[in-house]
Amino acid sequence: MALPQTPDPNPSDYIDDEDFIALEIPDAWAGERLDKVLAHFLTDYSRNRIQAWANQGAVLVDGKVVKSRQILRGGEAIRVFPQEMSEQHAFEPEDIPLNCIYEDDHLLVFNKAAGMVMHPAAGNWTGTVLNGLLFHYPELAQLPRAGIVHRLDKDTSGLFVVARTALAQTALVRLLQDHLVERRYLAWVWGDTPLHGTINAALARDPRDRLKIAVVPPDSRVANAKAARTHYKRLALGAYQQSKVSLLECRLETGRTHQIRVHLESLSYPLLGDPVYRKRIPAAASQLFLKRQALHAFALEFVHPSTHEPMRWFAPIPNDLLELHAQVHMDAADLPKPFDDSSS
């Protein structure tokens with residue numbers, strides 16, 4: 001990474017002081033690592049950020065680029081060239097197409113395609129739904145998370161709602177907390193499931209893999225475990241290369257991260273195509289064309305926070321899931337139909 005106007009011993013161009021931070025290391029710090037010393041003196045920046053700058057070549061010790069783990073002897077002249085971090089651009093508007101299916105002065109309803117991340121986070125600082133919202137609806141910059149009140153996983157398709165005002169956002173959050181927002185999903189899972197059931201199992205970060213969520217045993221005392229309840233009913237039973245496949249309609253009573261995926265896997269019914277929650281999948285799964293979890297948020301219902309009218313929306317099943325439905329030998333008649341009186 002090229003340094004911005006890196007000074008040489010006899011610079012021909014004037015460099016403003018704010019282009020870099022100059023330090024001379026006291027002898028008392030001899031024997032300490034560079035990143036530890038800089039973190040002590042540059043309190044406006046985290047040690048992780050300073051390490052990143054050093055490893056990018058943006059820290060000079062006596063005019064030389066060194067790594068963050070460099071041991072200092074004391075008396076060195078250091079120049080630090082602060083670099084913009086990815087997250088500084090996280091909430092910038094981007095011209096990203098969004099499929100808005102309903103709009104009024106208070107809220108917006110969208111049908112999200114699989115593959116879209118909802119909001120910026122590590123690994124996806126740009127190109128998210130939130131960035132698109134800020135471009136198409138600049139007023140949402142005044143609201144927390146640009147008005148987003150609930151999320152869908154990156155590779156889950158379907159419906160989500162966004163508030164356009166602070167009052168609407170508060171009202172929608174309360175509806176969610178009171179379990180008054182009906183969210184229904186279609187899930188294609190491995191196995192011959194019961195005709196219907198309720199999964200009532202708390203969820204928390206998996207202690208063995210912090211990127212995953214896990215069911216918390218009832219008798220454990222895991223910190224930050226959150227109650228979670230999923231209702232399901234079977235709509236169809238099919239098969240893929242001799243392995244049974246069930247189509248479930250799932251209704252969320254709570255909305256925890258990865259809730260449906262984790263709950264169903266905990267019963268040995270993992271979703272087809274899920275790249276993360278894959279316990280007890282059959283050998284046939286390796287030949288499946290689908291490379292994302294077979295999960296679609298097809299229905300959304302709640303009472304409008306301003307007009308107090310019942311509202312509901314339906315999202316058509318995406319083509320990849322329609323193709324999957326046929327491949328597992330299920331009939332199109334098994335799929336839910338759009339509402340006759342849809343509000344969309």
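## Basis of the model

The model is predicted, so that local features need pLDDT of at least 70 and side-chain atom pairs count only at pLDDT 80 or more, while totals for chains, interfaces and linings use all residues. Residues are numbered from 1 along each chain as its sequence is written, and side-chain values use heavy atoms, with hydrogens and water left out.

## Helices H1 and H2

Helix H1 (residues 34-41) and helix H2 (residues 47-55) have axes that come within 9 Å and cross at roughly 125°. Helices (H or I, at least four residues) and strands (E, at least two) are DSSP runs numbered from the N terminus, and axes are lines fitted to C-alpha atoms, for helices over the stretch in contact, with angles running from 0 to 180 degrees between N-to-C directions. H1 and H2 are therefore oblique to each other, a class left over once angles under 35 degrees are called roughly parallel, over 145 roughly antiparallel and 65 to 115 roughly perpendicular.

On the H1 side, Asp35, Lys36, Leu38 and Ala39 meet Arg47, Ile50 and Gln51 of H2, where contact means heavy atoms within 4.5 Å. By class, this contact has three nonpolar, one polar and three charged residues; Ala, Val, Leu, Ile, Met, Phe, Trp, Tyr, Cys and Pro count as nonpolar, Asp, Glu, Lys and Arg as charged, and the others, Gly among them, as polar.

## The enclosed helix H3

Helix H3 (residues 129-136) is largely enclosed by the rest of the structure, because six of its eight residues are buried, that is, under 20% relative accessible area, with exposed meaning over 50% and partly exposed in between (1.4 Å probe, protein chains only). The buried residues are Val129, Leu130, Asn131, Gly132, Leu133 and Leu134, and their cover includes strand E6 (107-112) and strand E7 (157-163).

## Residues in loops

Ala146, in the loop between H3 and E7, has a phi near 55°, a positive value in a residue other than glycine, and is buried at 3% relative accessibility. His179 lies in the loop between helix H4 (166-177) and strand E8 (182-190); although not a glycine, His179 has a positive phi of about 60°, and with a relative accessible area of 44% His179 is partly exposed.

His258, in the loop between strand E13 (243-252) and helix H5 (259-266), is buried, with a relative accessible area of 16%. Leaving aside neighbours within four places in sequence, His258 is in contact with Asp153, Leu211, Ile213 and Tyr277. The side chains of His258 and Tyr277 are joined by a polar contact of 2.6 Å (a pair of N or O atoms within 3.5 Å; within protein, one must be able to donate a hydrogen and the other to accept it, and residues adjacent in sequence count only if both atoms are side-chain atoms).
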